[in-house]
Amino acid sequence: MSDPDIAVVGAGIIGVACALQLARLGRQVVVVDQQAPGMGASYGNAGHLATEQVFPIADVSILKRLPAMLLDPMGPLRLDWKYLPHALPWFLRLLLNLRPASYQRTVAGIRALNESSLGAWQRLLHSIGRAHLLREDGSLLVFEQGDSRPALEALQRRMQQQQVPVDFWSGEAIRKAAPLLSDNIQGGLFFPATGHFIDPYHVVGELVEAAKASGVQFLQRRVLDARLEGQGVLLTTDQGTLAARQVLIACGAHSARLTAALTGKTVPLDTERGYHLMLPHEQHRLPFAVTSLERKFIMTPMTDGLRLAGTVEFAGLDTPPNMERAWQLHRLSKGLFREDLSAQDATTWMGFRPSLPDSLPIIDRVCGGKVLLAFGHQHLGLTQAAVTAEWIGELASLNSAQPLALYRLDRF
């Protein structure tokens, strides 16, 4: 194989979408990953096109929640106490980014990506003839307790200030749209400019096929090291070396090591471990994705069932998964429907969401254009994948404009 123009490290949704975009721009592209395409976080995400989520998951209330995070293994936001010494510096940076000016920069950065995400996905899926994989039918955030209404109304005002399309729905309106939901639901917020993917893993597969048709080569290898060499980059893999003129680091939660090897920069990248529970006999319960305000999880209808997802766990890359957290999602669902969901033949999953302390990704071109970076999208990787690919396509040209400061590596 002749040296490619660009080697993409990472075959998740972001890496594959970027590879396809680069190939369509006339570049010779090879994608390298130790797993088959789409088998990381892209396989098990919630499937929600979350354009409404312009606020980071953490706010100043995280200080009050810290004891519960450490003590409750089933809580919606969990910090493994054994991982605390490693996580503490990251959390301190997170708290610094909650200061008003920093927080507003984060919101502006997330919003800028999210506002472009739906259109980018429409263009991408239309270009491969697979527009049906995305259902643009909105999503719903519901509440059950009367004392939750002020918080929901405050959230609605904050979202309106950020120009997020949002409508308040009464309990009656919700049951008209989703008649199998419980009478306990008092109301909610409907987000019309969102949607869901009917099978996230299938989306990756279709993009892989389109990329192959455009000349992209996929190699299942583990990248052990990387270094700048001559006019390009040399990757050391478990099956030999691979040289390329440029490299794109897009391997999610595993991106920090290679970024440091190539740039000398230590990136404060940690992982929000997410769980899902797939219920194969419940694919017709909901018409669109529904999130519970009080229970803090999401339910997304897919081709192969109803996916329950949402919790966040900080325990690093090496701690074994606690699949009781996945089963906890089924317990949380009790009372949200007129009849409880069936867990027959259910399957569990855990994956790593790459997260930086300011809740913004790194989308950048460094080392004189030899190194491109696209990682750190936290729980919005699926949402922002298509627009990230468009931006990477622009950055791949050495003559392109400088990347936006909000997403640059040198902000750390």
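In what order do the three strands of the open sheet stand? The order is β11-β12-β13, and the pairing is antiparallel, where two strands pair if DSSP finds at least two bridges between them and where strands (E, at least two residues) and helices (H or I, at least four) are DSSP runs numbered from the N terminus. The model is predicted, so that local features need pLDDT of at least 70 and side-chain atom pairs count only at pLDDT 80 or more, while totals for chains, interfaces and linings use all residues. Residues are numbered from 1 along each chain as its sequence is written, and side-chain values use heavy atoms, with hydrogens and water left out.

Because β11 (223-229) and β13 (240-244) stand at the edges with a single partner strand each, one side of each is left without a neighbour in the sheet. Between β11 and β12 (residues 232-237), which run antiparallel, there are six bridges, and Glu 229 has Gly 232 in β12 as its bridge partner. Helix α9 (residues 255-263) lies across β11 and β12, at about 25° to β11, with angles running from 0 to 180 degrees between N-to-C directions of axes fitted to C-alpha atoms, for helices over the stretch in contact.

Elsewhere, the axes of α1 (residues 13-24) and α8 (residues 200-213) come within 9 Å and cross at roughly 25°. That makes α1 roughly parallel to α8, a term for angles under 35 degrees. In α1, Ile 13, Val 16, Ala 17 and Leu 20 meet residues of α8 that include Val 203, Leu 207 and Ala 211, contact meaning heavy atoms within 4.5 Å.

Note on methods: Angles under 35 degrees count as roughly parallel, over 145 as roughly antiparallel, 65 to 115 as roughly perpendicular and the rest as oblique.
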